[in-house]
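Let's take a walk through this protein together.

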Amino acid sequence: MIKFKYYGHACFLLETDNEKLLFDPFLTGNPVASISADKVECDYILLTHAHGDHYGDATQIAQKTGAKVISTPEVLTKLPSDYANVHGMNLGGSFTFPFGIVTMVPALHSAGVEGGIPCGFVIKFNDDTVVYFAGDTALFSDMALIGEKQQIDYAILPIGSNYTMDAKDAAKAVQLLNAKHAIPVHYNTWPVIAENPEAFKSYAESISHASVDIVPVGSSLDLVK
């Protein structure tokens, strides 16, 4: 079973029996973070783009843990030049890691690094659970193609508006993705991205077959296929 641990904003951990995957580790300076960067344990760090509220503490955590960092080549240039445990990918590409298959998919957003592009990740774990993390994105119609190619069990989606989709657009994303479950993130960190997750839950469940799991910051959820 895979466990989702929500650290706040867009940072979370996916934990299998053998590996810990950390996503977008913005903790220092995050007013709602439930853990400090020096306490995080992980084997992999996956970065959707290089904005400060996503790249965050990636360098510090990588140097402390020795984790393999997975992202686009441009984002990886932000790491120290002597940090070699990296894996560069690009949109449409897939690679098999010990925990499963990672596919890098598009996100509609700005990148935060010169020459870079934002991305999302679809991960098919070895137990066949499929998790999609959209990263920061607007709603876009190719989400239907992502859902067609990947039978998504859990879609982890931003809902806070201003910088990303709002609750209604994120609900439409759930419908396009044909996901079985959805988890909202990237909301209520600051007033500018204030959003009611219950509204997202209501919208999404009214237009799709998904169930929405609202996970409070600092809490965990077992991902049941």
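What follows goes from a few strands to a helix and then to the nonpolar cores. Keep in mind that this is a predicted model.

Start with strand E2, residues 11–15, and strand E3, residues 20–23: these two pair in the antiparallel sense, with 4 bridges. Getting from E2 to E3 takes a hairpin of 4 residues. If you look across this pair, you'll find Leu-13 opposite Leu-22 of E3.

Now jump to helix H6, which spans residues 197–207. Which residues of H6 are buried? They are Pro-197, Ala-199, Phe-200 and Ala-204. These sit on the same side of H6, because they cover an arc of only 150° around the axis. What do they pack against? Their partners are helix H5 (167–177), strand E12 (181–185) and strand E13 (211–212).

Phe-200 also leads us into the largest nonpolar core, which has 55 residues; Phe-4, Leu-14, Tyr-132 and Phe-200 touch the most other members. The element that gives the most to this core is H5, with 6 residues. Apart from this core lies another one, made of 22 residues, including Ala-50, Ala-67, Leu-79 and Tyr-83.

Conventions
Residues are numbered from 1 along each chain as its sequence is written. This is a predicted model: local features need pLDDT of at least 70, side-chain atom pairs count only at pLDDT 80 or more; totals for chains, interfaces and linings use all residues. Side-chain values use heavy atoms; hydrogens and water are left out. Two strands pair if DSSP finds at least two bridges between them. Buried means under 20% relative accessible area, exposed over 50%, partly exposed in between (1.4 Å probe, protein chains only). The arc is that of the directions from the helix axis to the C-beta atoms. Contact means heavy atoms within 4.5 Å. A nonpolar core is a set of buried Ala, Val, Leu, Ile, Met, Phe, Trp, Tyr and Cys residues joined through side-chain atoms within 4.5 Å.
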